[in-house]
Amino acid sequence: MECGLPWRLTCLAISIDLDERTNIVFELRDVSRAYKLGGQEITALSHVSLKFPDHSFTIVLGPSGSGKSTLLNLLGGLDRPTSGEVRFNGLNVAQFNNDQLASFRRHHVGTVFQSYHLLPHLTALENVELALSMDSGSERHHRAQQLLEEVGLADRLHNRPAELSGGEQQRVAVARALAHNPSILLADEPTGNLDSVARREIMGLLHKLHDEGYTVIIITHNEELVTEHDRIVRLHDGEVVKDSAPPLARDAVVEENSPIVTVKTRLGWSWWMALRNMVRSKPRTLLTAVGTAIGIGSIVLTVAFGTGLRHNANQSLAQNGGLNTVEVLGRIPSGATSSTVNEPNPLTSSDIAHFQKLSGVASAYAVVSVPVMIHGKSIVAAMLTSLPLAGLPNGQKLIAGHRPTSGNSVLLVQSGIKSLFGNTTPARAIGKSFVVENTTVLHPLAVTMTVAGILSPVEPTNQSSAPAGSVAKSSVALYLPYAVAVHSWAGHPPKFSQAIINGKNAAATVSITKTLSQQGFVVFSLRQIAKGIDTFVIIIQTVLGAFGGIALVVAGIMIALVMMWAVLERTREIGILKALGARAKDIRRIFIDEAALIGLLAGVIGLAGAYGVAVVLQAVLKTLIAKAGGTAPAVLFVIPWWLIVAALGFGMVVGIVGSWIPAFRASRLSVVEALRHNG
Ligand code: ADP
């Protein structure tokens with residue numbers, strides 16, 4: 001069939017079947033776009049109505065400032081009209097939400113720009129891969145290579161833009177525009193920066209793509225690009241002054257089309273981009289991380305110091321008796337207070353029974369302690385004490401014999417053997433007898449007792465607060481079974497100057513101490529002392545931590561500044577990514593993720609630094625304390641696992657908080673403005 005129409009593809013459509021209805025991909029209905037500039041309104045496009053059929057090749061011609069770029073930006077989903085409708089396959093682009101618009105840009109149109117908009121630090125292959133990287137799939141590398149081969153750049157895959165000619169760069173841009181297999185190719189002055197040879201090559205490439213089925217729309221001011229077959233739309237002052245399309249094409253219809261499906265960006269894309277950006281700006285990343293690390297490190301050091309203090313205090317308290325032990329030293333007489341009492345009333349059996357019934361009590365028993373005289377080899381003063389209900393006093397060990405259970409058999413502390421029996425071994429002392437006389441009662445009571453077992457000596461440091469060990473080192477110490485001591489040595493009715501209560505846990509111990517002191521008992525608890533130390537440590541930690549906190553706030557501000565600078569520096573890149581179909585949230589995530597990664601790195605550096613400082617400080621303090629004649633605790637700084645997790649998490653949080661505003665600013669950048677940015 002003879003076809004006299006200048007517009008090749010319409011002609012092609014008609015030549016196939018005149019009755020076949022041509023599908024319209026783009027339709028502009030009375031579209032206007034105005035810009036506000038310094039209070040003035042500039043009309044870039046005015047009431048433009050155009051249709052672009054499927055598989056068509058259109059050149060939009062016009063002098064500079066005629067509105068060509070504005071038109072192309074509207075078609076490419078980079079901008080929205082002030083009034084009128086831009087329809088893509090019958091769908092109003094203005095009604096697309098931001099994610100749909102991004103999907104539209106990524107999968108339905110490919111755009112080529114006059115200045116190529118390639119990322120200078122990436123090779124040709126990486127530039128094309130970048131577009132493909134947003135979607136999942138392992139074929140990225142292969143597909144990018146294939147696309148570059150198709151545009152004739154098989155041998156330039158690994159060259160960076162600076163190593164490529166203008167024509168080659170534009171071909172990379174074309175390959176990238178085709179990455180997601182769009183049906184439409186938009187080109188904004190694609191040959192504007194090229195010499196005549198490259199110009200012909202690029203136009204040849206665009207014609208070839210059109211022949212392969214793409215709908216191609218080119219805008220240019222260059223009349224030379226036009227061939228007699230092309231459809232030409234002429235713009236002047238924002239208005240269509242000429243359209244060479246035949247009326248039939250203008251009246252073509254729009255087929256029913258399914259709505260734009262929003263495609264999610266591959267999980268981890270933003271992390272991948274963030275990591276690349278970090279590596280790309282190594283010095284800046286490192287400096288920012290080190291700055292932040294100072295804040296994190298000083299807080300880690302403070303907490304490690306406080307934890308170390310607490311650890312040492314608790315350990316030395318635990319050595320002096322259980323932390324869950326409460327000593328009751330009597331009842332406060334009526335009229336006195338815990339601070340004025342000198343001589344508390346002794347405890348009674350019913351007091352002990354009351355202690356045993358308190359909630360949270362693991363065990364409660366009285367301590368009977370009676371000064372006695374022993375008639376052995378000579379007469380010696382001794383202290384007769386009841387054994388605890390379970391275990392041995394003061395953590396001492398049985399070195400011979402067994403624990404007495406009844407009768408008048410006793411445990412003798414090793415140091416007393418000599419005074420009672422002369423030079424003999426612990427094993428030989430077992431079974432020996434002696435007379436014990438109670439000197440505190442009016443009519444002294446003399447009882448014969450037998451040695452059932454020998455206890456290891458009391459450690460001198462344990463004596464101060466040992467509940468049942470208030471025995472001078474040189475004295476002889478005897479331990480009687482609890483029941484016997486209570487029955488025969490505590491008086492009638494029994495009276496006790498001391499009781500020991502073991503709490504089930506820390507909380508129970510604290511509550512027992514509180515309850516008993518409210519009930520008028522004189523109580524003493526190592527847990528209370530530990531709590532006092534904790535309060536002291538918390539005060540020190542908070543004050544020191546506040547300095548670290550200030551450093552951390554400064555670090556957060558520094559990250560914010562660095563990220564703001566990064567947004568400014570990468571504005572054009574943001575525009576490119578958005579033009580390639582990255583969603584606003586993808587852009588936001590890149591910056592937040594980068595800051596979080598910097599924060600994480602800062603956490604690692606901060607921890608390592610704090611560890612190093614702790615090791616050095618520990619060594620220095622040990623030397624200083626040793627010089628002063630003291631013994632330094634084995635560990636001064638303790639970095640528990642939760643502090644490591646907290647430091648890393650904290651670093652990330654500081655990064656995220658610091659980058660929040662810059663990241664939002666980046667995600668809100670208009671594509672067109674960002675692409676125009678000279679950065
Ligand atoms: P062309 O691509 O044909 O050179 P443009 O579409 O770039 O034309 O611009 C058309 C008109 O709109 C020009 O007068 C230009 O100055 C104005 N214009 C384009 N973009 C903006 C903008 N972002 N802000 C203000 N004026 C703009």
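Colleague: Is R199 buried or exposed?

Modeller: This is a predicted model, in which local features need pLDDT of at least 70 and side-chain atom pairs count only at pLDDT 80 or more, while totals for chains, interfaces and linings use all residues. Residues are numbered from 1 along each chain as its sequence is written, and side-chain values use heavy atoms, with hydrogens and water left out. Buried means under 20% relative accessible area, exposed over 50%, and partly exposed in between (1.4 Å probe, protein chains only). R199 has a relative accessibility of 19%, so this residue counts as buried.

Colleague: How many residues apart are E224 and R199?

Modeller: The side chains of E224 and R199 meet in a salt bridge, with a distance of 3.2 Å from N to O. E224 is in the loop between β8 (215-220) and β9 (231-236), whereas R199 is in helix α7 (residues 196-211); the pair links distant parts of the chain, and its separation is 25 residues. A salt bridge is a side-chain nitrogen of Lys or Arg within 4 Å of a carboxyl oxygen of Asp or Glu. Helices (H or I, at least four residues) and strands (E, at least two) are DSSP runs, numbered from the N terminus, and the separation asked for is 25 residues.

Colleague: Which helices hold E569 and R284?

Modeller: E569 is partly exposed, with a relative accessible area of 39%, whereas R284 is buried, with 18%. The two form a salt bridge whose closest N and O atoms are 3.3 Å apart. The pair ties together parts that are 285 residues apart in sequence, because E569 and R284 lie respectively in helix α16 (residues 526-569) and helix α10 (residues 282-319).

Colleague: At what angle do α16 and α19 pack?

Modeller: Residues in α16, including L552, I559 and V567, meet residues in α19, among them F650, V654 and A666, where contact means heavy atoms within 4.5 Å. Axes are lines fitted to C-alpha atoms, for helices over the stretch in contact, and angles run from 0 to 180 degrees between N-to-C directions. The axes of α16 and helix α19 (residues 641-668) are 8 Å apart, and the angle is about 35°.

Colleague: Which residue in β7 is the bridge partner of V112?

Modeller: V109 and T111 point one way from strand β6 (residues 109-112), G110 and V112 point the other way, and all are buried. β6 pairs in the parallel sense with strand β7 (residues 184-188) over four bridges; two strands pair if DSSP finds at least two bridges between them. In β7, V112 has as its bridge partner A187.

Colleague: What percentage of the residues of the protein chain count as buried?

Modeller: The protein chain has 20 helices and 23 strands. Of its 679 residues, the part that counts as buried is 49%.
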